[in-house]
Amino acid sequence: MSGFGRMTGKTIKLRAQHLDSIAKHGEATYPYECCGILFGRLINGEKVLEELYPVENAKKQVAQQKRFLIRPEQLKEGERNAQEKRLEVLGFYHSHPEAEARPSAFDLEHAWPFYSYIIVSVKGRQAGELTSWRMADDRARFDPEQIISLD
Amino acid sequence: MAVKVLLPTALRYLADSQSEVQLPGASVREVLGALVGAYPELRRHLYNGEGELRNFVNVYVNDEDVRYLQEEKTPVESGDILSVVPSIAGGNPVDSETLAAGVELSPEEIKRYSRHIIMPEVGMEGQKKLKAASILLVGTGGLGSPLGLYLAAAGVGRLGLVDFDVVDYSNLQRQIIHSTKDVGRSKLQSAQEKIRALNPYVELDTYETALRAENAMEIIKQYDLVIDGTDNFQTRYLVNDACVLLDKPNVYGSIFRFEGQASVFYARLGPCYRCLYPEPPPPGLVPSCAEGGVLGILPGVIGVIQATEAVKFILGRGRSLIGRLLLYDALEMKFRELKLRKNPACPLCGEKPSIRALIDYDQFCGISPQPTVSPATADPFDITPEQLKARLDRGEELTIVDVREPHEYQINQLPNSILIPLGQVASRLNELNPEEEIVVHCKMGGRGAKAVDLMRKAGFSKVKNLKGGIDLWAQKVDPSMPRY
């Protein structure tokens with residue numbers, strides 16, 4: 001756990017297959033939002049994504065189009081799951097159907113520090129831009145997080 | 001005394017990289033206070049500017065959500081485990097904050113709402129949120145009257161009104177949005193007129209229709225919040241289901257005689273109406289206000305509580321009735337409160353929902369459409385008010401039995417009738433002669449039919465029920481008779 005204190009890097013390392021899976025999830029749930037949890041490790045303070053944990057969006061039908069929600073029970077289960085695999089919860093991903101891959105004011109209001117927020121824009125059932133964000137510690141804004149491909 | 005606090009990954013790097021810390025305290029509030037005391041960087045992520053826990057911060061004591069215990073006052077003991085668990089939300093760039101940011105208040109509006117605006121809990125920001133908000137009121141009757149007036153006065157930007165009824169004389173005892181001159185007019189027109197006179201800045205949408213499974217989703221989805229002011233189970237379940245499916249908060253209120261209830265159902269954060277009542281009561285078991293009566297002031301109290309919850313919700317202030325059922329007893333003048341839990345097995349908002357679209361609510365509530373009876377197939381055990389009048393005018397000797405309650409008998413009676421309330425008919429048959437012709441009546445005909453059925457089975461062969469009860473008699477035969 002020693003990596004946490006020294007963590008300064010604003011990067012997340014992942015594989016092309018992860019990006020592909022997030023895009024496919026967003027396309028499958030279109031026009032509704034998809035969401036999931038990012039499992040991985042902190043290696044020398046850098047986030048390395050190992051696994052995606054898709055979650056059923058707790059918001060229903062029409063509302064899903066605008067919002068996503070991962071309930072605390074779902075996250076607790078996800079955390080247990082990560083622990084068994086000796087992984088950490090590094091953040092979350094969700095889709096923005098018919099909108100840009102930019103965090104909204106709502107995203108910021110509800111964000112937690114440290115976590116990566118990966119957003120994929122899905123327009124006309126076609127996944128497009130994919131970005132990752134991390135909230136500044138003073139809650140004032142989201143900073144872009146660099147996505148580094150390990151492939 | 002030390003309590004173990006488990007932190008989510010997101011907060012560990014602000015707490016010396018620890019996943020758990022031991023802290024002193026006798027309540028959740030004290031332990032969390034010790035936590036942010038030891039690690040001040042955590043404060044802004046756990047608490048908002050007003051020092052309240054942020055609504056996406058969930059606290060569990062030994063796996064029990066403190067919302068269902070005593071919230072931050074929940075006591076803790078040495079050895080308890082307190083977990084801080086995030087709920088994660090986000091979404092497209094359209095939300096009430098952004099909407100409110102584009103709203104302006106004119107100098108007239110600022111003056112009108114000044115008693116709101118000078119309170120720090122509302123301020124300009126809160127008043128703009130109210131103006132940016134939209135609320136759907138289902139029903140403009142007893143609850144809808146104070147709701148419509150107060151929400152309009154408070155400056156809610158857009159109100160939708162749903163009603164299909166006309167104002168009746170018997171509404172005026174409680175439905176204060178309507179006046180004596182409005183009797184016979186459409187309730188929507190009458191309500192619209194009063195609201196416009198009170199606050200011309202409010203945008204009004206009117207739906208002159210019953211809310212039904214066919215139109216509910218289309219109507220409700222246009223509003224931020226829904227308030228159910230109706231008095232029947234079909235609409236109550238319909239509004240609940242549509243609100244859960246559309247992720248809308250539903251401010252609930254109900255009234256009966258001297259008692260009322262209120263709560264806020266919002267499946268995202270708490271239980272829905274189906275978590276509380278999975279099934280409707282059998283039809284007829286719970287009397288409506290038309291059957292059982294209601295204190296005229298009662299919908300004022302409950303409607304104003306609903307309006308308060310709606311305004312608090314929009315402002316994002318205070319503690320809402322989500323997860324709490326408020327009970328009010330006007331005779332005792334007491335409020336009580338019950339904790340409501342989300343039912344994990346709820347077919348609508350539970351873990352494995354089986355209801356994913358609206359259903360047939362008449363069928364669900366056991367209500368079949370009224371069959372239309374043609375004269376040719378009229379019940380042979382019925383007698384119409386006109387037929388009864390003609391026979392009495394001819395001087396025929398008929399025994400008339402009134403099966404209503406004594407307080408109803410005080411309002412109006414048929415000449416020479418005997419009062420035997422329905423509940424006593426079986427035990428008092430010896431007072432009647434089975435050979436005689438008997439006409440039974442109640443208010444509308446329902447209880448009369450039950451009494452006739454019971455008497456026929458007991459061997460009374462010449463008994464008939466007055467069709468439409470004394471109410472139809474008053475309309476058809478004796479317009480001077482008071483109706484209720």
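Which residues in α7(B) meet which residues in α14(B)? In this predicted model, Gly126(B), Lys129(B) and Leu130(B) of α7(B) are in contact with Val311(B), Ile314(B) and Leu315(B) of α14(B). The residues of this contact comprise four nonpolar, one polar and one charged. Two packed helices are described by the angle between their axes and the distance between the axes. For helix α7 (residues 123-132) and helix α14 (residues 298-315) of chain B, the axes come within 9 Å and cross at roughly 115 degrees. That angle makes α7(B) roughly perpendicular to α14(B). The crossing of α7(B) past α14(B) is right-handed.

Chain A contains five helices and eight strands, and its elements follow one another along the sequence in the pattern α-β-α-β-β-α-β-α-β-α-β-β-β. Of the 151 residues in chain A, 47% are buried. Among the contacts in chain A with a separation of 6 or more, 64% are between residues 24 or more positions apart. Chain B has 20 helices and 19 strands. Buried residues account for 38% of the 484 residues in chain B. For contacts in chain B between residues at least 6 apart in sequence, 65% join residues at least 24 apart.

In chain A, strand β2 (residues 35-43) has seven of its nine residues buried, so this strand is largely enclosed by the rest of the structure. β2(A) pairs with strand β3 (residues 46-55) of chain A through nine bridges, and the two strands run antiparallel. Within this pairing, Arg41(A) is placed opposite Val48(A) in β3(A). β2(A) and β3(A) form a hairpin, with two residues between the strands. In the turn of that hairpin, Asn44(A) has a positive phi of about 50 degrees. β2(A) is also joined to strand β5 (residues 88-97) of chain A, here by six bridges and again in an antiparallel arrangement. Leu38(A) has Gly91(A) as its bridge partner in β5(A).

In chain B, an open sheet of five strands was found, with the order β2-β1-β5-β3-β4 and mixed pairing. The edge strands of this sheet are β2 and β4 (64-65) of chain B, each of which pairs on one side only. Strand β1 (residues 3-6) of chain B is joined by four bridges to strand β2 (residues 20-23) of chain B, and these strands run antiparallel.

In β1(B), Val3(B) and Val5(B) form the covered face, whereas Lys4(B) and Leu6(B) form the uncovered one. Elsewhere on this sheet, an element of the other chain is placed against the strands. Helix α4 (residues 72-84) of chain A lies across β3 (57-61) and β5 of chain B. This helix runs at about 105 degrees to β5(B).

Asp16(B) is located in the loop between α1 (9-12) and β2 of chain B. Asp16(B) has 12 other C-beta atoms within 10 Å and is therefore exposed, the limit for this class being 12 or fewer. For Asn62(B), which is likewise not a glycine, phi is positive and near 45 degrees. Asn62(B) belongs to the loop between β3 and β4 of chain B. Asn62(B) counts as exposed because its C-beta neighbours inside 10 Å number 12.

Key: Residues are numbered from 1 along each chain as its sequence is written. Chains are lettered from A and ligands numbered from 1 in the order in which they are written. This is a predicted model: local features need pLDDT of at least 70, side-chain atom pairs count only at pLDDT 80 or more; totals for chains, interfaces and linings use all residues. Axes are lines fitted to C-alpha atoms, for helices over the stretch in contact, and angles run from 0 to 180 degrees between N-to-C directions. Angles under 35 degrees count as roughly parallel, over 145 as roughly antiparallel, 65 to 115 as roughly perpendicular and the rest as oblique. A crossing is left-handed if the near helix is turned anticlockwise from the far one by less than a right angle, and right-handed if clockwise. Two residues are in contact if their C-beta atoms, placed from the backbone, lie within 7 Å. Ala, Val, Leu, Ile, Met, Phe, Trp, Tyr, Cys and Pro count as nonpolar, Asp, Glu, Lys and Arg as charged, and the others, Gly among them, as polar. A residue is buried if 20 or more other C-beta atoms lie within 10 Å of its own, exposed if 12 or fewer, and partly exposed in between; C-beta atoms are placed from the backbone. Two strands pair if DSSP finds at least two bridges between them.
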